[in-house]
Amino acid sequence: MIDLDPRDIEVLEVLTNLITISSYKLSKITGIPPASVWRTLVKLGYLNLVCKDGKHFRITARGLVLTYLFTNKKQIKAEVIEQLKRLWKYEGDEREIEQFLTYIVSFLKEHNISPFSICFNQPITIATLLLSNVDEASEDVKKVIARLVLNFFPNTKITEFCKGIISIDEHGIPYALAVDCKKDGVKLFHYCDIINKLYCKKV
């Protein structure tokens, strides 16, 4: 079974704060012997939590999410959220990402899914996994999923101020799988008269 030991977590925490660092400097900062640091970086690289960037190592988005799941330090969690907002090119606020990560933790535990089986480097992976299990999710979590879906899949301009991904439900009624609407905001599974008028005849 894949797991992270305290040394792995410590290295990930340092990388979360510094983004990129050489193994030599990492050894100096942590006090971990150079050979042990190298073995840890190799392990984390194998798990795709860090990657080599020239002579330096940097943490991946997957590494950031796993750090959030395993660390107990609030400052590190806050830094993870800030870095993920940048890496995922997320246009919402950091509070929404925090809610999203908290929901991921509970979802994985409830369904007995190993976090190591999810490719967090592509956030659409976890977004699509959660898409059919969002009934109990908060509006912030739904908003994050909607934004990630909109950023990944081709979308349609519905009006001058709205865009969305149009689909058809089991009754043949058009709706937006995800929408960014000036009036209603960022939503999942959104029905409205404008979508109905624009696409019902086409269907």
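Two strands pair if DSSP finds at least two bridges between them. Strands (E, at least two residues) and helices (H or I, at least four) are DSSP runs, numbered from the N terminus. This is a predicted model: local features need pLDDT of at least 70, side-chain atom pairs count only at pLDDT 80 or more, and totals for chains, interfaces and linings use all residues. Residues are numbered from 1 along each chain as its sequence is written, and side-chain values use heavy atoms, without hydrogens and water.

Ile 21 stands opposite Phe 57 in S3. Phe 57 is also the bridge partner of Lys 52. S2 and S3 form a hairpin with two residues between them. In the turn, Gly 54 has a positive phi of about 70 degrees. Side chains alternate along S3 (residues 56-59).

| Antiparallel pair | Bridges |
|---|---|
| S1 (residues 20-21) and S3 | two bridges |
| S2 (residues 50-53) and S3 | four bridges |
| S4 and S5 (residues 162-168) | three bridges |

**The four-stranded sheet**

An open sheet has the order S4-S5-S6-S7, with antiparallel pairing. S4 (156-159) and S7 (185-190) stand at the edges with a single partner strand each, so one side of each lacks a neighbour in the sheet. The twist averages 35 degrees from one strand to the next. Angles run from 0 to 180 degrees between N-to-C directions, with axes fitted to C-alpha atoms, for helices over the stretch in contact (heavy atoms within 4.5 Å). Lys 157 stands opposite Lys 163 in S5. Helix H8 (residues 139-152) lies across S5, S6 (174-181) and S7, at about 85 degrees to S7.

Methods. Buried means under 20% relative accessible area, exposed over 50%, partly exposed in between (1.4 Å probe, protein chains only).
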